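Please read this note alongside the sequence and the 3D view.

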Amino acid sequence: MSFDEPLRELLLQTEDLNWVEKSLDGLSHKMLWRDPETEASIALVRFEKGSGIPSEHKHASNQFMFCLSGRYVYVPTGVTLTKGSFYWNPKGCVHGPTLAEETSVLLEVYDGPHYPERPSFYDNDEDAR
């Protein structure tokens, strides 16, 4: 975007968006915003009860999550997100696996690309974006 282009506001009603299933069972998302140049993004993610990320992994950028509902646990450390919890996972920090002890909805923000390479728990590149 150049400084000559007018800025525009955008309003999304998240209830009007469909949950999009990912290749990892029990995980779906509603993409709210993505910067095609930096790959930064903001999405709602939903983990169904009993699902989660099955293995250790790291991100290529900072990951921020705000828990809107549920109970989402980082198994090795016991860090648990519940309604109102804010979580910051610094770029390159190995974490996981995780488990949704209850169906959990999280607002997830990345300030750049999600992964340095596609993790094995996704079967396509789009799901790793």
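1. The annotated span. An unreviewed UniProt entry carries the annotation "domain: ChrR-like cupin" for residues 9–113. In the predicted model, that span is 48% strand and 0% helix.

2. The nonpolar patch. Which residues form the nonpolar patch on the surface? They are Phe66, Leu68, Phe86 and Trp88, and together they have about 420 Å² of accessible area. Two or more residues of the patch come from each of strand S4 (63–74) and strand S6 (86–89).

3. Phe66 belongs to strand S4. Its relative accessible area is 32%, so Phe66 is classed as partly exposed. Patch members need over 30% relative accessible area, and Phe66 has 32%.

4. Is Thr14 buried, partly exposed or exposed? Thr14 counts as partly exposed because its relative accessibility is 27%; the buried class would require under 20%.

5. Thr14: contacts. Leaving aside residues up to four places away in sequence, Thr14 touches Lys30, Leu32 and Leu44. For one of these, Lys30, the separation from Thr14 is 16 residues in sequence, while the C-alpha to C-alpha distance is 7.7 Å.

Notes. Residues numbered from 1 in each chain as written. Predicted model: local features only at pLDDT ≥ 70, side-chain atom pairs only at ≥ 80, totals over all residues. Heavy atoms only, no water. Buried < 20%, exposed > 50% of the residue type's maximum accessible area, 1.4 Å probe, protein only. Contact = heavy atoms within 4.5 Å. UniProt positions renumbered as here; feature names shortened; annotations may be inferred. Helix = DSSP H or I, 4+ residues; strand = E, 2+ residues; numbered from the N terminus. Patch = residues over 30% accessible without salt bridge, like charges linked within 9 Å, V, L, I, M, F, W, Y side chains within 5 Å. Areas by Shrake-Rupley, 256 points an atom, 1.4 Å probe, with all protein chains shown as cover. Salt bridge = Lys/Arg side-chain N within 4 Å of Asp/Glu carboxyl O.
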